[in-house]
Amino acid sequence: MSAPDAGQPRHHPVMRLSQIFDAPNLLAFLAFILGWVLYSVVVDLSPFSHRGLSRRMNVQREAWMRTMLRRDLRMIDTAIMAGLQQGTGFFASSCIFAIGGCFALIGSSEQIAMIVTDLPLDATFDRALVETKLLGLVTIFAYAFFKFGWAYRLFNYCTILIGAVPMRHDADQDPASADAAVDRALTMNRIAARHFNAGLRAIFFGLAYLGWFVGPLVLVGTTLLVMLILGHRQFFSDAVRSVAPEPRKDTR
């Protein structure tokens with residue numbers, strides 16, 4: 001028999017997902033996705049969303065825009081928009097660094113599998129499983145980056161719409177056009193905030209996803225922990241109470 005040609009590339013067998021994920025890992029991953037979707041629905045679409053911090057801050061955004069319309073000088077408003085854009089740009093850049101770090105870890109997936117295998121856990125790890133998990137983490141941070149990138153652009157559009165809001169003297173002469181301009185800026189700001197919140201939420205659930213590198217049960221636990229922390233901050237924190245609607249005064 002002739003020896004194989006050393007110059008020919010080696011062909012690694014292609015593994016299916018069913019060969020990489022066993023039942024516990026697959027169920028844990030589905031629980032992670034379900035928890036993320038369920039939390040997003042409760043915060044953004046459910047009847048309880050109006051009690052959350054995000055929805056109450058939308059009310060404050062409207063108060064900001066209405067107050068801006070009555071201001072002669074709007075340096076404060078431009079400073080607020082600059083801060084929103086800087087924060088969004090910071091998170092977008094952080095996602096790029098996180099994606100680069102994940103790709104760097106893919107090259108060390110075999111070492112990661114060996115390290116995790118040495119831990120006192122009832123789970124098996126191999127290179128293919130670690131690489132697949134890292135690619136999933138890349139997907140999460142890529143999703144967050146696109147959300148932050150779009151939010152940054154929308155905040156930029158909102159700045160233009162704020163510049164199109166008539167000054168106080170002109171608004172008094174044509175209040176209908178002024179209100180329409182405020183509504184356009186307000187709507188754009190709310191849309192940008194929604195995408196920003198979605199990106200930030202992806203980062204938080206990305207932290208929960210890290211538990212999967214330890215084991216499927218840990219992933220379920222970290223997902224529940226992140227849901228509890230975010231749910232408390234969204235509905236029961238001091239920040240929510242600080243922007244609660246003011247009680248109506250009895251005028252009798």
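Start with the cysteines: a search of the whole structure for disulfides, meaning pairs of cysteine sulfur atoms within 2.5 Å, finds zero. The model is predicted, so local features need pLDDT of at least 70 and side-chain atom pairs count only at pLDDT 80 or more, whereas totals for chains, interfaces and linings use all residues. Residues are numbered from 1 along each chain as its sequence is written, and side-chain values use heavy atoms, with hydrogens and water left out.

Select Cys 102 and then Cys 158: Cys 102 is buried at 4% relative accessibility, and Cys 158 is buried at 0% (buried is under 20% relative accessible area, exposed over 50% and partly exposed in between, with a 1.4 Å probe and protein chains only).

Next, display the rings of Phe 29, Phe 32, Trp 36, Tyr 39, Tyr 143, Phe 205, Tyr 209, Trp 212 and Phe 213, which ring pairs link into a cluster. Rings of Phe, Tyr and Trp (its six-membered ring) pair if their centres lie within 6.5 Å, and planes under 30 degrees apart count as stacked, over 60 as edge-to-face and the rest as tilted. By this rule the count comes to 15 aromatic pairs.

Zoom in on Phe 29 and Trp 212, a stacked pair with 5.4 Å centre to centre and 20 degrees between the planes. Phe 29 is partly exposed at 30% relative accessibility, while Trp 212 is buried at 1%.
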